[in-house]
Amino acid sequence: MRIAETSDLWWKNAVIYCLDVETFFDDDGDGTGDFAGLTQRVDYLAALGVTCIWLMPFYPSPDRDDGYDVTDFFTVDPRLGTMGDLVEFIRGAKDRGMRVIADFVVNHTSSQHPWFVEARKSKDSPYRDYYVWRADTPPDTSSEVVFPGEQTSLWTKDDATGEWYLHMFAEHQPDLNVTNPKVRNEIAKAMGLWLELGLDGFRLDAVPFFLETRGQPKDEAAKLDPHEYLSALRSFLGRRNGSAVMLGEVNLPYKEQLEYFGGTAGNELNMQFDFMTMQHLYLSLARQDARPMAENLKSRPPLHPDNQWAMFVRNHDELTLDKLTDAERQEVFAAFGPEKNMQIYGRGLRRRLPPMLSGDAERIRMVYSLMFSLPGTPVLFYGEEIGMGEDLRQKSRAAVRTPMQWNATKNGGFSSAKASDLVAPLARGDYGPENVNAAAAKRDPDSLWNFMARLIQRYRESPELGWGEFVVIDQPEPAVFAHTCTSDGATMVLLHHFGTGKVKVTGKVGGEDAPKRAYKGATLLDVLDGGNVPLEPDGGFTVELGRYGYRWFRVQQPGDQLAP
């Protein structure tokens, strides 16, 4: 893979790091993280090897849903700084070779947004059609709510006019009416503004919901083809910034996800999170059996070359398990969230990986080695690189959104404010900052931070992982997952062991149809920290793996030039 081929589609082998400005680093000592503080930590992210920073919402907000309830799409929340502070941060990141994308919430606004404040005053308000209303009593939608226990309906009656408004999420987050051309124009203007200020794209929140035309008259809904709209947004971004990316949150089965890529045209979302692999990964971990994840990956459809999967172990939301069967979900709960307080909405977990795996360093490293080795673009959530844990004292999804732990001093080095003034409490106990923090991790050569930095470096040196053709190598040992990624004549062989005993992994590079002497004199060249392994002339190999073992190899033919 020549570097010129990868540079235009930079996001295909990027390393994305998601963070929330308000919980990352507080510069002015008021207890809330800010852009000035984030700018001070840009070098930390560069040292880790991050190539793209994903910002959670930084727009003005009542902050009832961690910023996803927006009151103004065109500026920065004053708690976090100014537009100038944002631009300084973007410039600092780009000076160090990092791109910046940001969450963009298209599905809804806060009920305090000026548009909705005006819309609810009168049926004749010019902003009325910015939202979705109905005059008749809506049907029972309690079975469709996104947050069971927090919602009872998708509709709420507004006393001012006696009509109901749609909210796929909380009632303080009324849904925008994207069939309205004025709304679509406002969305484009806001995106255009942030692109002009230096953003390289957007993570689009809740994509299937914002393309929903529920509650609209049939003739109005017919005017908007949801996928044509998504394609139009992609075109708009391309005109404003030819390398801008749209990373979509689409938690659907693969067949439906393919539609949001634009099918064979690949002209809608550039990237989507692979929720299916993530969920089956946890099922495989619970069973210590790689087959559920392997079978899922075999079913993953091929993509247009301009599209990509985003791979993750943890994100900022619940760790959803909604695509598993009820029985499978209970297996994962029993293994990693046996207490009710660890579960959320009956379908997911509100925990981070290290506590789920009881702090088992070998197992944790195997999981991250696997994530980086799977075909796609790895996405990290802040604190993963140091092994942060959750705080189950916090409500709902806030359990995994505690402040970043920089050192063992007051407030974990996050802020100089009084503890009572912090935007969120610090984690406590075994995973509190006195035991888990970035300063100590960076100094320890055997830490998770240094392991992660090495993985990132190897991933960036292995474009086959972002660009290559992916093949699962079937294994007689159920605890072993083996696969190859091949691109531009280069092949990587990647092995991961979900079990605790010693196993011998056998396989063939190139499959059963490979010429019998195609690999005479070839070697599996170790990419991480082990020794090389000779290949049989037909491509056969045998590798021993220990407890939660993992190996990365590149096929080295006689006469091939060695990478430095």
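Trainee: What classes of residue make up the lining of the largest cavity?

Mentor: In this predicted model, that lining has six nonpolar, five polar and three charged residues. There are 14 lining residues, and Val132, Leu176, Asn177, Val178 and Glu212 lie nearest the centre of the cavity. The space inside is about 70 Å³.

Trainee: What makes it a cavity rather than a pocket?

Mentor: A cavity is a place where a 1.4 Å probe fits but cannot get out, while a pocket is an open set of points.

Trainee: Which domains give residues to the lining of the largest cavity?

Mentor: Domain 1 (3-107 + 178-460) and domain 2 (109-175) each give at least three.

Trainee: And what lines the second largest cavity?

Mentor: Among its lining residues are Asp20, Pro57, Phe58, Tyr59, Asp66 and Arg79. By class, the lining divides into four nonpolar, two polar and six charged residues. The volume there is about 60 Å³.

Trainee: Which residues lie nearest the centre of the largest pocket?

Mentor: Val146, Phe209, Glu249, Asn251 and Arg347, out of 27 lining residues. Helix 7 (207-210) and helix 11 (275-287) are the elements that give two or more residues to that lining. The lining divides into eleven nonpolar, five polar and eleven charged residues, around a space of about 650 Å³.

Trainee: What about the second largest pocket, what is its volume?

Mentor: About 520 Å³. It is lined by 23 residues, with Arg64, Asp65, Asp66, Ala398 and Arg401 nearest its centre. Seven of the lining residues are nonpolar, six polar and ten charged. Here, too, the lining draws at least three residues from each of domain 1 (3-107 + 178-460) and domain 2 (109-175).

Trainee: Why is Cys18 called buried?

Mentor: Buried means under 20% relative accessible area. Cys18 has 3%, so it counts as buried. Cys485 gets the label as well, because its relative accessibility is 0%.

Trainee: And why is Thr213 called partly exposed?

Mentor: That label covers values between 20% and 50%. Thr213 has 21%, so it counts as partly exposed. You'll find Thr213 in the loop between helix 7 and helix 8 (218-222). Thr213 and Thr179 are 34 residues apart in sequence, with 7.3 Å from C-alpha to C-alpha.

Trainee: On to strands. How do you know that strand 7 pairs with strand 3 and strand 8?

Mentor: Count the bridges, since two strands pair if there are at least two between them. Three bridges join strand 3 (residues 99-104) to strand 7, and these run parallel. Strand 7 and strand 8 (residues 245-248) have four bridges, also in the parallel sense. Leu204 of strand 7 is the bridge partner of Phe104, and in strand 8 the partner of Leu204 is Gly248.

Trainee: Which way do the residues of strand 7 point?

Mentor: Gly201 and Arg203 point one way, Phe202 and Leu204 the other, and all are buried. In a regular strand the side chains alternate between the two faces of the sheet.

Trainee: Last one: what makes strand 15 and strand 20 edge strands?

Mentor: Strand 15 (469-473) and strand 20 (533-534) each pair on one side only. They belong to an open sheet of six strands in the order 15-16-17-22-19-20, with antiparallel pairing. Inside that order, strand 19 (residues 523-526) and strand 22 (residues 550-556) pair over four bridges, and Asp526 has Phe553 of strand 22 as its bridge partner.

Key:
Residues numbered from 1 in each chain as written. Predicted model: local features only at pLDDT ≥ 70, side-chain atom pairs only at ≥ 80, totals over all residues. Heavy atoms only, no water. Buried < 20%, exposed > 50% of the residue type's maximum accessible area, 1.4 Å probe, protein only. 1 Å grid on protein atoms, 1.4 Å probe; cavity = no way out; pocket = protein on both sides within 12 Å on 5 of 7 lines; lining within 4 Å. Points joined across faces, edges and corners; volume = space filled by probe spheres on them. Nonpolar A, V, L, I, M, F, W, Y, C, P; charged D, E, K, R; others polar. Domains from an automatic or database assignment.
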